[in-house]
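Here is a friendly walk through a protein and the ligands that come with it.

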Amino acid sequence: MTTIIPLLGDQLSLDLASLRGAEPTDAVVLMVEVREETGYVRHHKKKIALIFSAMRHFAETLRGAGWTVDYVTLDDPANRQGFTGEVVRAVERHRADRVRVVEGAEYRVRRMQDGWAAAAGVPVEILADDRFLCPIDDFLAWAKGRRDFRMEYFYRDMRRRTGLLMTADGKPEGGQWNFDHDNREVPPRGLNYPLPERFEPDPITRDVLALVAAEFGDHFGDLEPFALPVTRDQALRALDHFVATALPDFGRYEDAMIAGQEYLYHSVLSSSINLGLLAPLEVAQAVERAYARGDVPINSAEGFVRQVIGWREYMRGMYWRDMPGFESRNALDATRPLPDFYWTGETDIRCLAESVGQTKREAYAHHIQRLMVLGNFALIAGVDPRAISDWFLVVYFDAYEWVEMPNVIGMSQFADGGAIASKPYASTGAYINRMSDYCGRCRYDVKKRAGPDACPFNALFWDFVGRNEDRLRGNGRMRNMYATWDRFSDAARAEIREEAAAFLDSLTPAADGWARQTGGSPVR
Ligand code: FAD
Ligand code: DLZ
Ligand code: SF4
């Protein structure tokens with residue numbers, strides 16, 4: 001009896017359900033680098049390098065643990081360049097009589113797996129991915145019949161379920177479930193901001209970097225310098241380093257943005273968690289221990305734990321609740337093409353230039369840059385949610401559809417009609433000015449709403465409020481916005497509409513081919 005255990009690129013965990021209970025002597029672990037995955041969107045070069053390097057390192061780890069690994073590289077002439085073709089070929093090659101695999105995290109891949117038994121002619125066992133803390137069925141049961149899907153309710157259940165930051169008598173540590181109101185500070189200038197740990201490329205990574213440069217040189221983003229964690233040991237060091245250096249101030253500065261400071265007090269652990277190098281529970285427990293030792297305040301510990309056991313699990317649940325069909329939600333009927341500066345970074349709008357620039361260099365931007373700069377602009381400009389969603393899926397090293405899509409189409413673009421966000425994350429420049437130092441050296445004036453040097457976020461925001469009045473006026477959390485809108489004179493409203501229209505007309509739409517191959521070479 002030989003079992004093929006296909007292990008996908010984001011399943012790099014030794015305690016994966018498909019490995020547990022299997023015998024290394026009777027099984028072959030199959031790992032494949034395939035163009036189907038590198039090409040369904042044209043991922044940032046750094047993201048492909050990260051995944052390939054982590055996969056190749058993990059194959060070595062598995063071999064060290066006694067597993068037989070059949071690793072198919074991208075340039076193997078026999079490679080059929082797709083998961084299904086490679087599973088079929090492996091079954092034939094190893095004369096295997098069954099396949100055992102953990103469910104793909106993305107709908108696209110999960111549907112492929114349903115076809116493997118027929119394609120390979122052997123039984124295929126598809127196991128739940130129990131690295132997530134909330135099974136999909138439990139989430140669907142939680143969501144069933146609800147009209148209000150607020151994350152906060154789900155999060156409290158997850159705190160109780162995991163026991164994280166709970167007192168012995170079942171109360172939340174610190175006497176509150178959520179300390180977000182403490183997390184709105186901007187750090188003073190001149191602080192020595194902590195930096196995430198960086199890892200020198202070893203020979204495996206250097207081979208991958210050469211491969212990516214040769215094969216994907218025309219994809220978005222900078223390949224080097226490359227310093228991301230690609231093994232579990234490195235990811236654990238990155239976690240320890242974060243807990244020791246940045247976690248204490250994670251909470252208070254969580255929403256801040258400082259030009260030239262890509263990471264501030266964020267963990268930069270999303271790539272490792274999403275690849276499977278770190279388990280979400282162990283990350284949250286490391287933070288809980290730091291709190292128990294008295295090393296970090298409750299607002300930082302709680303804020304961080306909420307992201308990992310709350311938002312991350314919730315987004316995954318909402319993805320499966322709404323798939324298929326999530327990708328085409330467009331509750332606000334937004335149709336504008338993505339502006340080209342999302343790909344080039346060339347714009348006078350400083351907050352966007354900074355955020356796109358660092359995304360290009362690092363394949364990373366933190367949550368508030370993604371939500372309140374990059375997402376906010378697309379929302380108030382009326383960009384097609386699918387176009388901005390494709391962009392997010394390409395450019396970030398942690399982007400997989402199960403987490404990217406609910407964050408973008410749901411939370412950031414309000415295109416799900418408000419299931420995930422209770423109101424649109426739309427703002428004028430005032431929010432960006434309050435939470436960042438971007439506006440000081442911007443060519444636009446954040447205080448102005450009209451004229452050639454007016455901050456574009458201002459007219460665009462009010463234009464967004466005005467043009468979506470039918471859809472949003474009934475939203476209780478938009479009441480203040482509409483109260484202000486109602487106070488504007490007709491002339492002021494006309495001016496807002498003209499300003500916004502003139503600005504939007506001045507934007508150059510992105511060329512085809514950046515996010516998805518459009519036949520032949522991408523247009524540049
Ligand atoms: P930290 O700020 O240090 O947070 C700690 C951890 O919490 C993260 O590593 C991550 O695992 C988790 N987390 C925090 N917020 C979220 C969230 N909203 N959803 C899921 N997990 C969360 N996250 C992704 O992993 N992949 C994506 O493709 C992605 N796309 C996003 C798109 C938009 C428009 C927005 C608003 C958010 C997106 N996020 C995504 C969530 C969040 O921005 C990133 O997880 C975070 O910026 C990663 O950086 P970090 O590890 O330094 O996070
Ligand atoms: C994202 C990605 C890329 C770029 N390449 C591969 C690959 O060649 N082989 C692989 O096994 N996985 C890759 N991945 C990650 C998969 O897309 C991911 O595992 C599935 O989408 C399931 O979430
Ligand atoms: Fe962005 Fe407006 Fe501030 Fe310039 S002034 S950085 S465009 S918010």
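**A walk from the inside out**

Let us begin with helix α17 (residues 385–395), which is largely enclosed by the rest of the structure because nine of its 11 residues are buried. Buried here means under 20% relative accessible area, exposed means over 50%, and partly exposed lies in between, using a 1.4 Å probe and protein chains only. Helices are DSSP runs of H or I with at least four residues, strands are runs of E with at least two, and both are numbered from the N terminus. This is a predicted model, in which local features need pLDDT of at least 70 and side-chain atom pairs count only at pLDDT 80 or more, while totals for chains, interfaces and linings use all residues. Residues are numbered from 1 along each chain as its sequence is written, chains are lettered from A and ligands numbered from 1 in the order in which they are written, and side-chain values use heavy atoms, with hydrogens and water left out.

Which residues of α17 are buried? They are Pro385, Ile388, Ser389, Asp390, Trp391, Phe392, Leu393, Val394 and Val395. These buried residues pack against α2 (45–64), α14 (341–344), α15, α16 and α18, where a contact means heavy atoms within 4.5 Å.

Now turn to ligand 1. It is surrounded by 28 residues, the closest being His266, Ser267, Val268, Asn274 and Tyr364; a residue is near a molecule or strand if one of its heavy atoms lies within 4 Å of it. A polar side-chain atom of His367 is 3.0 Å from an oxygen atom of ligand 1. On Asp398, a polar backbone atom lies 2.9 Å from a nitrogen atom of ligand 1, and a polar side-chain atom of Asn407 is 2.9 Å from a nitrogen atom of ligand 1. Of the 810 Å² of accessible area that ligand 1 has on its own, the protein covers 99%. Accessible areas come from the Shrake-Rupley method with a 1.4 Å probe, and for residues only the protein chains shown count as cover. Two or more residues of this shell come from each of α11 (270–275), α13 (298–322), α16 (367–381) and α18 (401–412), and α13 gives the largest share, six residues. By class, the shell has 15 nonpolar, nine polar and four charged residues. Ala, Val, Leu, Ile, Met, Phe, Trp, Tyr, Cys and Pro count as nonpolar, Asp, Glu, Lys and Arg as charged, and the others, Gly among them, as polar.

Most residues other than glycine have a negative phi, and most peptide bonds are trans. The bond from Glu224 to Pro225 is cis, with omega near 0°, and that from Met323 to Pro324 is cis, with omega near -5°.

Around ligand 2 there are 17 residues, with Gly9, Asp10, Val32, Glu37 and Glu106 nearest. A backbone N or O atom of Gly9 is 2.9 Å from an oxygen atom of ligand 2, while a polar backbone atom of Val32 is 2.7 Å from a nitrogen atom of ligand 2. The protein covers 100% of the 490 Å² of accessible area that ligand 2 has on its own.

Ligand 3 has 13 residues around it, and Ile349, Cys351, Cys439, Cys442 and Cys455 come nearest. Its shell has 11 nonpolar, one polar and one charged residues.

Finally, how far can you trust the picture? The chain averages a pLDDT of 96, and 99% of the residues score at least 70; pLDDT is the predictor's confidence in each residue, from 0 to 100. Over residues 520–524 pLDDT stays under 50. Where pLDDT is low, the predicted coordinates should not be read in detail.

Notes. Polar contact = N/O pair within 3.5 Å; in protein donor to acceptor, adjacent residues only side chain to side chain.
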